[in-house]
Every structure is written in C-alpha cells, then in structure tokens.
Amino acid sequence: MSEAELHILKARMRGGQLNKARRGELEMGPPVGLVYRTDGTIGLDPDAQVQSAIRLVFETFERTGSAVQTVRFFREQGLQFPRRLRTGANKGDLLWAPPQHSRILQVLHNPRYAGAFVYGRTRTRHRPDGGVSVVKVARVNWQFVMPGMHQGYIDWERFEANQRRLADNAGAFGGERLSGPAREGPALLQGRVLCGLCGERMGVRYSREHSSTVPIYVCQESAVRRAGKICQTVPGKIVDAAVAALMIEMMTPMTLAVSLEVQRELELRAHETDTARRQHVERLRYDAELARRRYMKVDPDNRLVADSLEAEWNDKLRRHAEAAQDYERRSKQQATTLSAAARQRIVGLAEQLPQIWNDARVDFRERKRIVRLLLDDVTLIKAQNITAHVRLSGGATRTLKLERPLPIAQLRKFKPELVATVDRLLDQHCDREIADILNRDGWRTWEGKPFSLKKVAFIRGAYKLASRYDRLRRRGMLTTHEVATRFGIAKTTVYEWGRQGLIRKCYSDSLNRGLWQIASDTTILKGRGGRRSSSPQTTPITAQPPE
C-alpha cells in the first residue's frame, strides 16, 4: 500500500506538471538573457550588456549563416558572452568569457529566445546503475510548443529560418552529406549540383591547372554506396563561369538596392559591436569602483583582508584599463572604415558589380551565399555538350548549353596553318629567325607564350619537317670540306674566298660551320703564291656554239 500511495502521489504530481505545461504556466529555469519578473512572467534581462550580447549572436548568425563564423566573429572582435551559474554558493551570478561553439548552438536552438514556451525537448531516463541520462527529443516529438507566450529576442519566423539554416549546415556531416555551409573552395555551386543521370547530389574535387585551383563536379554516390561506377564528371570551370554570368545578369537591376543594403548593414554591424564593447568597459568600470569601495570600508589594520581586497582592486583596474584601450583602438578602426569616402565607394557598387564579382580579393564564400539566395539547384548532364538546368529560388528555370573543353592533347596540338607557315619559312630562314617572325605576326603557343628556337625545333621534329640545312643540301649547297676538296685548297682558303665574295655563304651554325653556294655558270681559277703572286679569279663559262 505504501508503494501504491507513492505511485499515486507521483502520478498526481506529474499530472499537475503536465497541466501547467499545457497552459504554458510551468516555471522552468530560463536561459541567460531571460528572467522571471515579480509577477511570474518572463521578460528580458534588465542588464543591457547581456541583451546586446544575445542580440549580437542572432544578428551575426543572420549575416554569416554559420555558428562557427559567429564564434569566430566574437573572438576576432574580442567580445565576451555571459553565462549564469545554476548551482553553488554564487548561484545566479553572471560570468563573462569568450563563447564556445556549443554555447552558441544552444542559444540558436533554444526556442525560448523566440518568445515560445516549449515542453518536452528532453527526456530523463534512469539507468540500472542508479544514474540518470538525458536524451534529446526530435522536434516533431515535443509535447507542447506555444509561440508568443512571452517577450523574446527574435520572432518565431526568424527562429524557424535559423533552424532550417542550421539543419542545412549540419547536412554536410550526416549520412546524406547534402549541401552544407559555404566553404572556402572556389567551387561556386558547392552543395547545389545534382546529377542529371541518376539524380544524386554531386560532390566536388579540386585539381591544379596553370598554377590555379579548378573544381570538378563528380557524381560518386553509386561508387561509394553500391560499389558501382562514377556516373559522370563535369569540369566546374565551365559551369561556374556560365552560372556566374547568369547571376550577374539577374542581379544587375537590383544592384543599387544591394549597395544601399550593404551600407546599412556595415553601419548596423559597427554600431552593435561598439555598443557591446562600451557596455563591457562600463561593467568593468563598475566592478573596479565596487572593489574600491570594498577596500575603503575595510579596517586598515586588518592586513589579511586589506591585502586581498587591494589585490582585487588592482586586478579590476588593470582589466578596465585594458578593455578601455581595446575599445579606443577598435573604435578608431571602425571610424576609418565607415568614413564618408568609404560610404561613397559603397554607393558606387551599383555600377561596379561585375568588376567586384570577378575581383580575386572577394571571398569565395560571399559569392556562394549570393548564389544560394538566387537559385535552388543546378542539374548537370554531360554528353557531346554540357547541359545545365538551373532552378531559381522563385521556381523559374533556365537551361544553359555549354561546350565541353577540349582534351589536353588537342589543346597542345599546333594548328595546321601554323605548321604550314613554319614549313614555308624554313625555305628561307633558320629556326631563330622563324621564331622572331612568328612572334612579330602575333602567333602564340597553346599556353599563350611567345615562340622560341626550341619551340620551332619541336614543331619540325613533331611534324617531320625538313630542316633548313637539309633543304639547302638538296639545292646543291656544299660544306666547307667539300669546297676545299673540290678545288684542292685548305679550309682557311675557303673562308678567305667567302670574305672576298668569290663564293657566298648561305648557312652558318653556332660553330661558324656553314654551307657555300657556288654559281653553276662560273669557274674559279686559283691564284699562285710567291714573289709574283696573284689572287684567284672567277671566269664566266660561256656555251660553245654548235659546229
């Protein structure tokens, strides 16, 4: 009977608790930033610094779209986040520290900041060893959800949008590995590409091309999950460029509104961070003043207490001085950023949007966020051409037909007209002269570089073109040794004849070895040395008339 009575009492208490929760009157410990008033209702914390810190979390997440980026923003700006002690001797006190990622996620996932009463988010289970485990319940299984029950920092629609964005970001770590948050890579359509062959979501790979990173969209779901083959791989540099051009075309009518919104956002962000820092400095000043009053009230002869209070006072003064210096430094930086000239440049974004989009200094994540606002997904099909079906956020669709990039073997292959030009120039010029002529006429290699002697020699070897030397030999030109043998003279005499103009040198290599041209209608009469020496002479050969 005692056990039964205890069970009945516990059931009655549980029923009363559920009835209060059904009416939204059950009192539960509010998160930091919310407090119970004297009339039993929930309101915002009267501490202005706590309110600004909570609001700054939601504003930063709205701007960046990522909890990690929100934490990074707080740490880069030197801002702290409050935490209220729930147990211990100092229960109810506020502690300020740099925020952690888990702490920011708790704030973003908590519906009480949206003014809603929610019951049943967790379930407590007793383990066989006597311990207690707390299990989170899926949102669809929450017992009671009542929006608009009290004052909050955001409205319910914004809370729903934040949950969708967090779920989308968390999709990159689940089994499906869906879109995920915008990353640092150059793939513009990361998380938004679908395979037109199997319907699965395509992943991203990166490769190096001409000292730059280029994306490749790969459908490998079948290969990963079913030990199949990769459906298709699509070069991202072709698709991204076409989609970027489409985005610029769509954004052109709204550039002025975007530029004005950017200006307002920068001013609002600067005001929020400046307010948070100023409140932090004011709190530290109050703590230092409070420590001073404690020290002044203590008996000077009680050195055990006086020394401790004096050290606490000095520590509060040091923290206040450091915070004041940091506030002054960052305020000057923000004042420089938001000068009149800077605002004028922001207004000028309306005409400069294409240049800004193509600027290498713009972060890839910013471009991806713009794309995600304007389109839902892109379906790719690679056949003879690449077909991209773009589905916009409003439901409209666009179809892009793109040419497939040529294989590297065809890109490196020289054009037939270039080979014909080199073949024609080899009749009259050497490799170095041909390279100069090609560069002067505007010819370039497949990499866009000017021609050199080695490039021309490579073309001759690859296309089996006869060299300048071989062509002159076929036309009857003689080497220095052959001229010396023919006339029975030394090689030095051959060079001397060339300087005198008796024979003409038509070709010369780097060692001054060359080919000589001797007119077929003349003959050379050698001179003689000695006291009555005479120079060699050329005599024309005349044809004898027939008898």
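## A walk through the chain, starting at a hairpin

His126 has Val132 in strand E7 as its bridge partner. That pair belongs to strands E6 and E7, which run antiparallel and are joined by five bridges. Strands pair here if DSSP finds at least two bridges between them. The strands themselves (E, at least two residues), like the helices (H or I, at least four residues), are DSSP runs numbered from the N terminus. Between E6 and E7 the hairpin has five residues, and Gly130 takes a positive phi near 100 degrees there.

A word on what you're looking at: it's a predicted model, where local features need pLDDT of at least 70 and side-chain atom pairs count only at pLDDT 80 or more, while totals for chains, interfaces and linings use all residues. Residues are numbered from 1 along each chain as its sequence is written, and side-chain values use heavy atoms, with hydrogens and water left out.

Now step back to the whole chain. You'll find 19 helices and 20 strands. Of its 547 residues, 36% count as buried, meaning under 20% relative accessible area, with exposed being over 50% and partly exposed in between (1.4 Å probe, protein chains only). Take the contacts (heavy atoms within 4.5 Å) with a separation of 6 or more: residues 24 or more positions apart account for 52% of them.

Elements giving two or more residues to the lining include helix H1 (2-23), strand E6 (122-126), strand E7 (132-136) and helix H5 (156-170). Helix H4 gives the largest share, six residues. By type, the lining divides into 14 nonpolar, 12 polar and 11 charged residues. Here Ala, Val, Leu, Ile, Met, Phe, Trp, Tyr, Cys and Pro count as nonpolar, Asp, Glu, Lys and Arg as charged, and the others, Gly among them, as polar.

Helix H5 is also the place of Asn162. Asn162 is buried, with a relative accessible area of 3%. Leaving aside neighbours within four places in sequence, Asn162 is in contact with Phe58, Phe61, Glu62 and Ile154.

Further along, there's an open sheet of three strands in the order E10-E11-E12, with antiparallel pairing. Strand E10 (203-209) and strand E12 (233-235) stand at the edges with a single partner strand each, so one side of each has no neighbour in the sheet. From one strand to the next the twist averages 35 degrees. Seven antiparallel bridges pair E10 with strand E11 (residues 212-218), and Arg205 has Ile216 in E11 as its bridge partner.

Another open sheet has four strands in the order E9-E13-E14-E15, and its pairing is mixed. Its edges are strand E9 (193-195) and strand E15 (397-403); each has a single partner strand, so one side of each is left without a neighbour in the sheet. Neighbouring strands here are turned by 25 degrees against each other on average, direction ignored. The axes behind such angles are lines fitted to C-alpha atoms, and angles run from 0 to 180 degrees between N-to-C directions. Strand E14 (residues 385-392) and E15 run antiparallel, joined by seven bridges, and Ile386 stands opposite Leu402 in E15.
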